[in-house]
Amino acid sequence: MLERLKVALAELTDRCYHYVADSNTPPPYITWMEDGGNDLMAGNVHAERCFTGSVHLFTKTEGDPLLERIPAALEGIGACWYLNSVQYEEDTGLIHYEWYWEAV
């Protein structure tokens, strides 16, 4: 599952990073991470593994095309997702979009 996510996001831009972007990366860029699980339990065993995590878009452009491409990429791999927050980061001048996802 994580490999599918990595590939789907990397197809959107060559500036796609696991956990943190390289220093001095010009926007727009994507970071993504897994942060836990929500496995299906049956008979005291993990019947189905499920990962949870987030995808972050850092951009200077309102209406950046990646705003629609990221959710489409998540849906394309069968992930459930929602847009959790949009923040303006004054120290960098970037708009930061954050999606939470969950996928089997």
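**Note on a predicted model: aromatic pairs and cores**

1. Start with the rings. The structure holds three aromatic pairs. In one of them, the ring centres of Tyr82 and Tyr100 lie 5.6 Å apart and the planes stand at 90°, so this pair is edge-to-face. Keep in mind that the model is predicted.

2. Where do Tyr82 and Tyr100 sit in the chain? Tyr82 belongs to strand β6 (residues 80-89), and Tyr100 belongs to strand β7 (residues 94-103). They are 18 residues apart, and the pair links distant parts of the chain. Tyr82 has 43% relative accessibility and counts as partly exposed. Tyr100, at 29%, also counts as partly exposed.

3. Another pair joins Tyr97 and Trp99. This one is stacked: the centres are 6.2 Å apart, with 25° between the planes. Are these two residues buried or exposed? Tyr97 is buried, with a relative accessible area of 9%. Trp99 is buried too, at 2%. The cut-off for buried is under 20%.

4. Now look at helix α1 (residues 2-10). Leu5, Ala8 and Leu9 are buried there. Around the helix axis they cover an arc of only 90°, so they lie on the same side of α1.

5. Next, the cores. In soluble globular proteins, nonpolar side chains tend to be buried together. Here the largest nonpolar core has 19 residues. Leu9, Val55, Ile70 and Leu74 have the most contacts inside it. At least two residues of this core come from each of α1, β2 (29-37), β5 (51-59), α2 (66-76) and β7. Which element gives the most? It is β7, with five residues.

6. Leaving aside residues up to four places away in sequence, Leu9 touches Cys16, Ile30, Trp32, Val55, Ile70 and Ala73. A second core is separate and has five residues, among them Tyr17, Ala21, Tyr29 and Leu94.

7. Step back to the whole chain. It has two helices and seven strands. From the N terminus, the order is α-β-β-β-β-β-α-β-β. The C-alpha trace spans about 50 × 25 × 25 Å along its principal axes.

8. Finally, some totals. Of the 104 residues, 38% count as buried. Among contacts with a separation of 6 or more, 51% are between residues 24 or more positions apart. The accessible surface of the chain comes to about 6,200 Å², and 50% of that belongs to carbon and sulfur atoms.

Definitions and conventions:
Residues numbered from 1 in each chain as written. Predicted model: local features only at pLDDT ≥ 70, side-chain atom pairs only at ≥ 80, totals over all residues. Heavy atoms only, no water. Phe/Tyr/Trp six-rings, centres within 6.5 Å; stacked < 30°, edge-to-face > 60°. Helix = DSSP H or I, 4+ residues; strand = E, 2+ residues; numbered from the N terminus. Buried < 20%, exposed > 50% of the residue type's maximum accessible area, 1.4 Å probe, protein only. Arc of directions from axis to C-beta. Core = buried A, V, L, I, M, F, W, Y, C linked by side-chain atoms within 4.5 Å. Contact = heavy atoms within 4.5 Å. Areas by Shrake-Rupley, 256 points an atom, 1.4 Å probe, with all protein chains shown as cover.
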